[in-house]
Amino acid sequence: MTSKSKFRRKALTGAALAATLAASGPAMAQGKAAASAPPSEEAVRARADALIAQMTPEEKAGQITQYFDFTDSPDEARRVTDEMAAGRAGSLLFVHDPAELNRLQHIAVEKTRLKIPLLFGFDVIHGLRTIMPVPIAVAASWDPQVAEDGQAVAAAEARAAGLHWAFAPMVDIARDPRWGRIVEGAGEDPYLGSAMAAAQVRGFQGAYIGSAGRIIAGPKHFAGYGASIGGRDYDEVNLSDSELWNVYLKPFKAAVDAGAGNIMSAYMGVNGVPATGNRWLLTDVLRKTWGFKGFVVTDAGAAFDLKTHGFAASTEDAGVRALSAGVDMEMAPPFGQSAFRTLPQSLAAGRITAAQLDDAVRHVLEAKIRMGLFEKPYVDLKQAARVLADPAHREVARVAAERSAVLLRNEGAALPLSRSALKSIAVIGPLADSARDTVGPWVFDQDDKETVTVLAGIKAELGSGVKVSYSPGVTLPARVNKSIFQSDEEFAAGKARNVDDTPEIARAVALAKDADVAVMVLGEGQIMIGENASRSSLDLPGRQQELLDAVIATGKPVVVLLMSARPLDLKGARPAALMDIWYPGTRGGTAVANLLFGKVSPGGKLPYNWPRDIGQLPLPYAHLTTHQPKTVEERYWNEPNTPLYPFGYGLSYSTFAFSNLRLDKTRVARGEAVPVSVEVRNTGSRKADEVAQLYIHQRYGTAARPVRELKGFERVTLEPGQTRTVHFTLRPEDLSYWAASTRAFVQDASTFDVYVGDSSTAALSASFEVAD
């Protein structure tokens with residue numbers, strides 16, 4: 001087994017599941033699931049311990065086992081139901097129909113000996129019914145409030161539908177965009193990633209676990225998954241301790257500090273030890289060092305797979321090793337291959353202790369108690385329908401899409417387009433009118449009628465006064481290797497051609513020639529990104545490059561909108577304007593139209609370096625100075641070793657100036673904070689947003705430090721001519737790092753350079769000293 005998605009494929013085609021969910025709906029604020037205030041830790045523990053005292057070893061093992069619920073497999077569904085009825089199942093995943101959730105919960109609450117309710121989990125990655133822009137897009141907003149608001153909507157819809165727990169946020173750092181799961185995270189930087197991780201936890205959980213209308217957050221994949229060799233999903237990870245502590249663990253620490261109630265362990269091995277059997281990660285770091293009090297779940301089949309890794313000798317040994325490492329719940333693969341089912345016999349054989357088993361059970365029961373499931377285990381179906389249909393949720397999605405777009409190129413102020421000057425517009429590209437691709441991957445209840453495509457958004461904005469012509473231009477190619485999200489039938493259908501490329505390219509060129517402007521929507525289909533969607537190329541798939549070059553050759557103004565989640569190589573093509581719209585979600589087309597026609601100005605910034613060529617990867621902006629720094633841009637003889645667009649880059653329809661950088665202190669002792677301020681002025685003629693970004697460089701110390709590290713940012717909205725002073729505080733922890741020479745966190749006495757501006761190449765600078 002490689003992925004829970006592999007096990008979901010059947011469920012995705014379940015007609016009953018899709019039909020029932022389509023009839024139900026989401027709710028923003030009020031899943032009336034919880035008490036008005038959280039119970040005390042003592043009360044929660046006492047209640048959990050009272051239940052544990054009554055449980056048999058088999059019931060305990062069941063309580064820490066999560067089963068897939070497959071409606072399309074009667075035999076498996078029957079087996080899971082039998083386990084539930086016997087009190088040997090603690091959680092289910094992949095159920096999101098409120099009526100079905102109630103039916104299953106009734107079995108657990110009314111037919112089992114101890115009447116312990118089920119905990120229902122689901123992949124609520126960027127929305128349930130209302131789909132937000134994908135997480136990498138939200139990170140590009142550089143606005144944690146966008147992330148928090150979006151996940152609050154997702155939580156409200158999920159809770160109203162009867163779900164209790166999201167397998168999100170994904171907080172893995174990704175420095176190789178070949179890795180498909182870059183779409184789920186916040187990019188390459190640990191500071192930005194930490195801010196987005198904490199914001200999403202707050203959005204999912206609210207003020208505390210059990211808050212009304214909220215669910216448990218489950219940050220994943222602990223840890224280092226984004227550093228898989230070659231960007232290949234599921235491959236091994238080899239990271240130095242310095243990289244782990246200073247980069248890859250930081251967003252997880254931020255999520256834990258924000259109160260995350262769950263952590264998901266990763267599939268792969270970290271430095272030779274599978275993450276799910278890694279006691280140093282799951283116990284020494286997570287619980288002992290960070291004080292995590294929630295429960296740890298494996299990714300799908302990851303406990304059983306300790307045997308597959310060649311780490312455990314048998315299924316029984318895999319269960320022992322996972323539990324002993326610090327796993328509290330196994331996300332069991334379907335069809336009987338569960339490692340935790342063998343725990344009672346391991347207990348009898350003395351390979352685990354009763355205390356170990358009880359600790360895991362206690363962590364799971366405490367989550368159920370805090371969520372109020374014993375008092376209110378069932379879904380209010382009418383309330384679910386109201387919440388799922390709430391139009392306010394769609395507005396949150398639209399705003400998020402607007403704030404996430406990144407304008408990369410805008411020659412001659414090609415954007416915004418003028419409605420009054422336009423007589424005709426050609427909309428071209430295979431993604432321009434694809435509802436499924438517009439919302440992106442990790443969507444399991446897609447309603448195409450809910451989704452506004454880019455073509456639909458433009459038509460709605462322009463009405464009948466402007467001629468809008470459309471051509472898909474080319475067909476996106478099928479995957480060479482089938483996605484874990486595709487059935488055989490879907491994979492075969494993906495190989496069918498929608499259009500004959502050669503004549504359709506010619507038709508698209510003709511439409512562009514006849515129009516005032518061509519808007520091209522190019523990129524990767526949603527099946528080309530995400531889990532099991534790593535790529536060996538950053539080229540535009542299929543014949544899109546040929547289409548792009550042909551349309552640019554007409555000489556007409558060309559605006560390219562990239563629908564993607566990784567940087568793509570346009571082979572030097574120079575359209576008049578280039579904007580990354582990511583996968584913008586349910587109201588993506590409306591947001592894009594607002595951006596194109598200047599109702600709002602783009603203000604997003606890149607969450608990664610955009611390479612010139614795939615051969616540069618990985619290309620993090622926060623690299624060490626190393627040997628001969630003056631030639632760092634000349635490391636390849638055939639082209640510059642600089643990014644095409646740097647981390648933090650993004651244009652606007654206005655212009656901005658940074659000035660008057662001030663440090664309140666230029667000499668501090670260790671442990672002191674350094675207040676920093678800068679003035680940002682809108683020097684253009686439009687109201688617009690800018691992101692003030694603060695970077696530091698430590699000149700010397702216990703270890704060499706990166707040339708620049710992000711340590712503060714704030715997105716501000718400014719009227720034309722308006723100036724605002726933006727304040728930052730460099731805290732002692734911002735000036736500290738983990739050093740390999742001492743194998744501990746240190747804060748050095750050193751000179752620090754401070755840079756503030758609109759990207760990681762900011763020129764405005766100052767410096768200060770940290771003294772002994």
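Predicted model: local features only at pLDDT ≥ 70, side-chain atom pairs only at ≥ 80, totals over all residues.
Residues are numbered from 1 along each chain as its sequence is written, and side-chain values use heavy atoms, with hydrogens and water left out.

Let me start with the sheet. Helices (H or I, at least four residues) and strands (E, at least two) are DSSP runs numbered from the N terminus, and two strands are said to pair if DSSP finds at least two bridges between them. With those terms in hand, we can say that 6 strands form an open sheet with mixed pairing, in the order β10-β15-β14-β13-β11-β12. At its edges stand β10 (406–410) and β12 (467–471), and each has a single partner strand, so one side of each is left without a neighbour in the sheet. On average, and ignoring direction, neighbouring strands of this sheet are turned by 15° against each other, where axes are lines fitted to C-alpha atoms, for helices over the stretch in contact, and angles run from 0 to 180 degrees between N-to-C directions.

Helix α24 (residues 588–596), in turn, lies across β13, β14 and β15 (577–580), running at about 145° to β14.

Now to the charged side chains. A salt bridge here is a side-chain nitrogen of Lys or Arg within 4 Å of a carboxyl oxygen of Asp or Glu, and the structure holds 51 of them. One of these joins the side chains of R341 and E83, at 3.9 Å from N to O. R341 lies in the loop between β9 (330–331) and α15 (343–348), whereas E83 lies in helix α5 (residues 74–85), so the pair ties together parts that are 258 residues apart in sequence. For accessibility, buried means under 20% relative accessible area, exposed means over 50%, and partly exposed is in between (1.4 Å probe, protein chains only). R341, at 40%, therefore counts as partly exposed, while E83, at 7%, counts as buried.

A further salt bridge links D689 and R403, whose closest N and O atoms are 3.1 Å apart. Because D689 lies in strand β19 (residues 688–698) and R403 in helix α18 (residues 391–404), this pair ties together parts that are 286 residues apart in sequence. Both D689 and R403 are buried.

Let us turn to the nonpolar interior. A nonpolar core is a set of buried Ala, Val, Leu, Ile, Met, Phe, Trp, Tyr and Cys residues joined through side-chain atoms within 4.5 Å. The largest such core has 187 residues, and those with the most contacts inside it are F222, L561 and L596. Helix α16 (residues 354–370) gives the largest share of this core, 7 residues. Contact means heavy atoms within 4.5 Å, and, leaving aside neighbours within four places in sequence, F222 is in contact with residues including L249, F252, L286 and W290. Apart from this core lies another, of 24 residues, among them V668, A692, L730 and V754.

I will finish with two single residues. Q63 lies in helix α4 (residues 57–63), and at 2% relative accessibility Q63 counts as buried. Not counting residues up to four places away in sequence, Q63 touches several residues, among them M55, I116, M329 and K368.

The other residue is T283, which has its place in helix α12 (residues 279–289) and, at 11% relative accessibility, counts as buried. How far apart are T283 and A325 in sequence and in space? They are 42 residues apart in sequence and 6.5 Å apart in space, C-alpha to C-alpha. Finally, the backbone oxygen of A325 lies 2.7 Å from a polar atom of the T283 side chain.

Conventions. Polar contact = N/O pair within 3.5 Å; in protein donor to acceptor, adjacent residues only side chain to side chain.
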